[in-house]
Amino acid sequence: MTTTPGNASSGLPGKPPVVDLATWQAARDELLVREKAHTREGDAIAASRRRLPMVELDGTVEVVGPDGPVPFLDLFQGRDELVVYQHMWYDGAPHQGQCEGCTTTAWHLKDAVYLNARGVSFAILTTGPWDEVAAYVEFMGYTQPWYSVRGVEAPVGGEMGYIACFLREGDRVFLTYRTTGRGNEPVNGSLSLLDMTPYGRGEAWEDNPEGRPEGHSPCWYWRSDADGNAAWGPTSRPVPQWTRPGATPVETLGRHGHHH
């Protein structure tokens, strides 16, 4: 994979102050109290999430996958629960013109073995025509199941960029939860790890100590050129795509190429 912006190991401005281990441990212990409170509040929110009502939908609505049209019910693979990521799509765009945020989210969902072990299936849905989607999935090397929901009404189709959860009772299907925006962040473990580092995500909205580098627009490092420099131009693409076989910087983007 190419380098990423700001990866130099020296010369970073505004480093944390140096203290002895006991002083560091005291500060760390103080922060831990707040972290534990945050964890407990997250647990309480999850408990409320499990108590949400649900909405029935037509499980026979057809989505298109590698085997052609199949009923949405098939995505459960016989399990009782299903989580989907609804991936945005730009018709006719080259591979590097697809959404950098959705690409990164899908990249962090390599497989669903741990979900499957809990009786939960997983799939990615998108509104692109299947022939375009299939070529993109092959280019990205994705192994999780993808389906086109073109022309399908919400909540299976409709607006993309969401995580949605469904429950099955026999042949009946229910929507139980849906989230978007920063609600999608739990899928992206890289963000959680960056939040643990002294320089964070490098985004402008973050509250950083005096002297730290000025932040950039959200997700600025999710698109880069071939040299790993953050870029939105015709030679840029979502960062994970640079690892794909045959990825080159010379293809020019169509009119869809500057979505971000």
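**View 1. Who Arg244 touches.** Setting aside neighbours within four places in sequence, Arg244 is in contact (heavy atoms within 4.5 Å) with Trp107, Phe139, Met140 and Gly141. This is a predicted model, where local features need pLDDT of at least 70 and side-chain atom pairs count only at pLDDT 80 or more, while totals for chains, interfaces and linings use all residues. Residues are numbered from 1 along each chain as its sequence is written, and side-chain values use heavy atoms, with hydrogens and water left out.

**View 2. The largest nonpolar core.** Think of a core as buried Ala, Val, Leu, Ile, Met, Phe, Trp, Tyr and Cys residues joined through side-chain atoms within 4.5 Å. The largest one has 23 residues, and Tyr85, Phe122, Tyr142 and Trp146 have the most contacts inside it. Among the elements giving it two or more residues are β4 (81-87), α2 (100-107) and α4 (130-140); helices here are DSSP runs of H or I, at least four residues, and strands are runs of E, at least two. α4 gives the most, with five residues.

**View 3. Around Tyr142.** Not counting residues up to four places away in sequence, Tyr142 touches Thr103, Ala106, Trp107, Tyr136 and Val137. A second, separate core of 20 residues includes Val63, Leu75, Ala123 and Phe166.

Notes
Buried < 20%, exposed > 50% of the residue type's maximum accessible area, 1.4 Å probe, protein only.
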